[in-house]
Amino acid sequence: MALNVVGSDSYCFGGVVRNYEHESSTTNCLMKVAVFLPPQALNNENAKLPVLYYLSGLTCNTQNFITKAGAQRKASEFNIILVCPDTSPRDCNIEGEDEHWSFGLGAGYYVDATTDKYKKNYNMYSYVTDELISLVNGNLPADPERQSIMGHSMGGHGSIMCGLKNPNLYKSISAFSPICNPMNCEWGQNAFTKFLGEDQENWKQYDSCELLKSLKDSGKEYNILIHQGLGDNFLDSLQHDNLIAAAEGCDNYKIDLRLQENYDHGYYFIATFIDDHIDFHSKFLL
């Protein structure tokens, strides 16, 4: 399946920001993806480059990170491809999916829905960890053996959860202000009920705290960097303490949690520390 270019390229730090769209067999709708292709992707036809996937947060789309975070400078330096998928299916016209900013449109929570209303389209977990990767590897100069994942807020939940569930897929994981324990916060409880039904046992597979508890004896090593602003208005809902508690006593979880005084939940925070994250991932990708 092809990724189709939308609009014109924007040149940036020797590479280009390029927007794509494609028909998805996973979400059964048209999906958009923003990509930064670093210099070697343009100048070396035989290049196979590492890929860093970024999952955005509630209300966001493909453009928030690629236009606000300032990640291209470091990605260009290391010749890392940046891939920014959307946060939900679009134009599916499902009743109730746009009633609140914390659920539905722009808020797919990176799960595969099982309830009748949403299971046809809201399959963002499979989209991110399977179909999107196949498209990137098939259409871009990507090295399928070198990929990592990061995200913000709901996307931070997505990056940690997808990374924990797929240790052979992603070399490293990072997050800004992640929703660490969605089963234990109002946003997650509302979304999981609508997407996955009332049985909370079915929620655990998408909750990073529950995954950490279940994977302690897996023998897999996980390298995770988290930045959390202590001036974040949503701090009580994000629950980074629960994540650290879930990982306690297990040496195969290497979690570097960096708490930053005064910083809030927004993209000024991300732009301030984005270089730290790309430096972190470069150690595992290069």
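What share of the contacts in the protein with a separation of 6 or more comes from residues 24 or more positions apart? Such residues account for 72% of these contacts, where contact means heavy atoms within 4.5 Å.

The structure is a predicted model, in which local features need pLDDT of at least 70 and side-chain atom pairs count only at pLDDT 80 or more, while totals for chains, interfaces and linings use all residues. Residues are numbered from 1 along each chain as its sequence is written, and side-chain values use heavy atoms, with hydrogens and water left out.

**Overall architecture**

The protein contains ten helices and nine strands; helices (H or I, at least four residues) and strands (E, at least two) are DSSP runs numbered from the N terminus. Its radius of gyration is 18 Å, close to the 19 Å that the globule rule gives for 286 residues, so the protein is as compact as a globular protein of that length. This radius is taken over C-alpha atoms, and the rule is 2.2 Å times the number of residues to the power 0.38. Along the principal axes, the C-alpha atoms fill a box of roughly 50 × 45 × 35 Å.

Of the 286 residues, 59% count as buried. Buried denotes under 20% relative accessible area, exposed over 50%, and partly exposed the range in between (1.4 Å probe, protein chains only). The protein exposes about 11,800 Å², of which carbon and sulfur atoms supply 43%; accessible areas come from the Shrake-Rupley method with a 1.4 Å probe, and for residues only the protein chains shown count as cover.

The mean positions of the 21 positive and 36 negative charges are 4 Å apart. Lys and Arg count as positive and Asp and Glu as negative, without His and the chain ends; each charge is placed at NZ of Lys, CZ of Arg, CG of Asp or CD of Glu.

**Selected residues**

| Residue | Relative accessible area | Class |
|---|---|---|
| His22 | 0% | buried |
| Ser153 | 4% | buried |
| Ser282 | 8% | buried |
| Pro167 | 25% | partly exposed |
| Asn28 | 41% | partly exposed |
| Ala245 | 46% | partly exposed |

His22 belongs to strand S2 (residues 15-23). The side chain of His22 makes a polar contact with the side chain of Tyr127 at 2.8 Å. A polar contact is a pair of N or O atoms within 3.5 Å; within protein, one must be able to donate a hydrogen and the other to accept it, and residues adjacent in sequence count only if both atoms are side-chain atoms. Not counting residues up to four places away in sequence, the residues that His22 touches include Met1, Cys29, Glu131 and Leu135.

Ser282 is part of helix H10 (residues 267-285) and, beyond residues up to four places away in sequence, touches Phe78 and Ile80. Ala245 lies in helix H9 (residues 240-247). Its C-alpha atom is separated by 8.4 Å from that of Cys209, 36 residues apart along the chain.

Two loop residues have a positive phi.  Asn28, in the loop between S2 and strand S3 (30-37), has phi near 55°. Ser153, in the loop between strand S6 (142-152) and helix H5 (154-165), has phi near 60°. Most residues other than glycine have a negative phi.

Pro167 occupies the loop between H5 and strand S7 (173-176). Leaving aside neighbours within four places in sequence, Pro167 is in contact with Lys220 and Tyr222. The C-alpha atoms of Pro167 and Gly14, 153 residues apart along the chain, are separated by 32 Å.
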